[in-house]
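Take a look at the model below. Follow the strands of its sheet as you read.

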Amino acid sequence: FLSKQDPDGAAAIKRLYSDAAVFVLPTLYEPFGISYVEAMAHGLPCIGTNICAVPEIIEDGVTGRLVAPGDAEALARALIDLLLDSGKAREFGEAGFRKYRAQFTWAKVAERVEEQTRDLCR
């Protein structure tokens, strides 16, 4: 278990992200994929499943790859593809970081909440 509240844990998490080439989470159910957003914040391309909110976070062919839940062959192909094509992986990681900065920072989330609240009160 690594805690971001512990300085050693936070440093270990940062080191793990910087050592990673790809973030893979083949979830079967995901109401909101904060793990993908965190990986994008570290510039990693993501591979996830095309269910629930995951396609709202990972744009297939732009910030990473989406596969069907339980499709181990498609998951392996997507992972191998990104591991063999570092240029594409870097491109996806950079696009994911841009998406994170544009949509998922706390400031951006607060702006959207404020906007929605304002619209409800009119």
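## A parallel sheet

Strand E1 and strand E2 (residues 46–49) run parallel and are joined by 3 bridges. This is a predicted model. At this pairing, Phe23 stands opposite Cys46 in E2.

Ile47 stands opposite Arg65 in E3.

The two pairings side by side:

| Strand pair | Bridges | Direction | Residues standing opposite |
|---|---|---|---|
| E1 and E2 | 3 bridges | parallel | Phe23 and Cys46 |

Together, 3 strands form an open sheet, in the order E1-E2-E3. Its edge strands are E1 (23–25) and E3 (64–67), and each of these pairs on one side only. From one strand to the next, the twist averages 15°. What holds such strands together in general? Strands of a sheet pair through backbone hydrogen bonds, either parallel or antiparallel.

Now turn to the faces of E2. Are its residues buried or exposed? Cys46 and Gly48 lie on one side, Ile47 and Thr49 on the other, and all four are buried. Both faces of E2 are therefore covered, with buried meaning under 20% relative accessible area. In a regular strand, side chains alternate between the two faces of the sheet.

How does the chain get from E1 to E2? The chain crosses through helix H2 (residues 34–41). This β-α-β crossover is right-handed.

Definitions and conventions:
Residues numbered from 1 in each chain as written. Predicted model: local features only at pLDDT ≥ 70, side-chain atom pairs only at ≥ 80, totals over all residues. Heavy atoms only, no water. Pairing = 2+ DSSP bridges. Helix = DSSP H or I, 4+ residues; strand = E, 2+ residues; numbered from the N terminus. Axes fitted to C-alpha atoms, helices over the stretch in contact; angles between N-to-C directions. Buried < 20%, exposed > 50% of the residue type's maximum accessible area, 1.4 Å probe, protein only. Right-handed = clockwise from strand over helix to strand, strands pointing away.
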